[in-house]
Amino acid sequence: MKQILIIGGGPGGYVAAIRAAQLGAAVTLVEQAELGGTCLNVGCIPTKALLHSAELYSAAKNGASVGVIADPKLDFGQVQANKQNVTTKLVRGVAGLIKANKITFIKGTASFENAATVKVHTEAGEQSIKPDATIIATGSLPAMPPIPGLDGPRCIDSTGALALREVPKSMVIIGGGVVGTELATAYRAFGAQVTIIEMLPEILPMFDADIVKQIRRKLVREKLQIVTSAKVLEVEHTQELARVHVETETGKQVFEADKVLVSIGRRANTGALRLEAADIANDRGNIIVNAHMQTNVPGIYAIGDCLGGTMLAHVASAQGEVAAEHALGHAAKYDESTSPSCVYTNPEMAMVGLTEAQAQEKGLRYVVGKFPLSANGKALIENGGYGMVKIIAGATYNEILGVGIVGPRATDLIAEAALAIRLEATADELISTIHAHPTIGEAMHEAALAVQNRAIHVINGV
């Protein structure tokens, strides 16, 4: 029986551990903090719990137009209690899965003595493990740029933003990526005055420009201030507030806030591993792997955020399955082409495959089909018809190259698009698939029709 060691119990590590156990390995899982990693404890799940509360609160306040008149009060303590309750249930669920799969769990910190031996430091002492294969899944940590004042009392990272005991009157968010934009959406809905400061020309730069334009318009409509092409010079702290000094295209500006959320990205959490002791190749801490998730050292694999690439929980989970299977003799290989990206703003955003800009960079001949949700009955009912579906397809065969969605249920609908790319489906195949009415999903059908300039429920496209 092969001995497999997993370092890290997040969505990459615990999935790898379970898959290895299913394949008959004796598995040991080492985690220094809580099972579930960043995602379950201080990332995906608690953030979405806050966003759900924010969405319900906003809907209750703005229900008059659909005949629901209410005067809701926000109990932020209960918002946080609900968030913690959801997190606790899921973490306990993972612990149950680890036990049910007969995986040995060790709470401690692992580091390499050499390529063959891993030392684990626990409260009870140290032990050395010599596994047949090791899978590194240590995740990531919030990145802090060298800006004066970020260590001040009013500056927080995403973990701190999820643990606030009350809604601040005002918040400046440094960084307009996924985490910054999601937390901006939540705290604006809770009543805070929110400003996003982004160094690049647009927020959410990894998304298709047409999709981002839609969500930015919605955020601005909700009086959320967005400042792009802006460089933060310093954060000054006074007794009453923080003052964020920013250089913009029009000159220097100062933004004042009760809290400053630093959300400029994350970095690989590999500092404690002693990668050099095992001669594991890395780029400034980001572990280098091949498509089988193998490092340069035989028998050592790495997955998820510690690679420094696409830092998403579902990516880590998929890579975890690949690593476990390959370590146990299966010809598994990771394919990123069907990995969706999701943003849980209101409305939601999601994309998979190529953006239009990426198709242009690759020199591909393509066509675009767009369908506005203003022409979709279910979207009109749910959010007034705000949003769109955009499909990028090959010019000759209309194969699906990329899909972007902004609107209700976007993060669920994107699975159809991912499957279409996985199966190398064409617009014709989406068109010939009957979509239920009334659903938001009908918009995918109409966008595929728009690829061929024959959408039914809109005139001349968007």
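The model is predicted: local features need pLDDT of at least 70, side-chain atom pairs count only at pLDDT 80 or more, and totals for chains, interfaces and linings use all residues. Residues are numbered from 1 along each chain as its sequence is written, and side-chain values use heavy atoms, with hydrogens and water left out. Helices (H or I, at least four residues) and strands (E, at least two) are DSSP runs, numbered from the N terminus.

**Helix H8 and its partner H1**

- H8 covers residues 313–327 and packs with H1, residues 13–22, at an angle of about 35°. Their axes are 8 Å apart. Axes are lines fitted to C-alpha atoms, for helices over the stretch in contact, and angles run from 0 to 180 degrees between N-to-C directions.
- The crossing of H1 and H8 is right-handed. That term applies if the near helix is turned clockwise from the far one by less than a right angle; anticlockwise is left-handed.
- H1 brings Val15, Ala16, Arg19 and Ala20 to the contact, and H8 brings Ser317, Gly320, Glu321, Ala324 and Glu325. Contact means heavy atoms within 4.5 Å.
- These residues divide into 4 nonpolar, 2 polar and 3 charged. Ala, Val, Leu, Ile, Met, Phe, Trp, Tyr, Cys and Pro count as nonpolar, Asp, Glu, Lys and Arg as charged, and the others, Gly among them, as polar.
- H8 is largely enclosed by the rest of the structure, because 11 of its 15 residues are buried. Buried means under 20% relative accessible area, exposed over 50%, and partly exposed in between (1.4 Å probe, protein chains only).
- The cover over the buried residues of H8 includes strand E1 (3–7), H1, strand E7 (133–136) and strand E20 (300–302).
- Glycine 329 follows H8, with a positive phi near 95°.

**Helix H11**

- H11 has 13 residues, 410–422, and should span 18 Å at 1.5 Å a residue; its end C-alpha atoms are 18 Å apart, which agrees. The expected span is 1.5 Å times one less than the number of residues.
- Its buried residues are Ala410, Thr411, Leu413, Ile414, Ala417, Ala418, Ala420 and Ile421. Down the axis of H11 they fall within an arc of 160°, so they line one face of the helix. The arc is that of the directions from the helix axis to the C-beta atoms.
- Asp412 and Arg422 are exposed, on the face turned away from the buried side of H11.
- The buried residues of H11 pack against strands E21 (341–343), E22 (348–353) and E25 (400–407), and against helices H12 (427–431) and H13 (442–451).

**Backbone geometry in loops**

- Glutamate 424 sits in the loop between H11 and H12. Its phi is positive, near 55°, though it is not a glycine. Glutamate 424 is exposed, at 66% relative accessibility.
- Serine 229 also has a positive phi, about 50°. Serine 229 lies in the loop between strands E12 (225–227) and E13 (231–237).
- The bond from asparagine 346 to proline 347 is cis, with omega near 5°. Proline 347 is in the loop between E21 and E22.
- Histidine 437 and proline 438 are also joined by a cis peptide bond, with omega about -5°. Proline 438 is in the loop between H12 and H13.

**Two single residues**

- Serine 53 belongs to helix H3, residues 44–61. Serine 53 is buried, at 15% relative accessible area.
- Asparagine 453 lies in the segment after H13. Asparagine 453 is exposed, at 75%.
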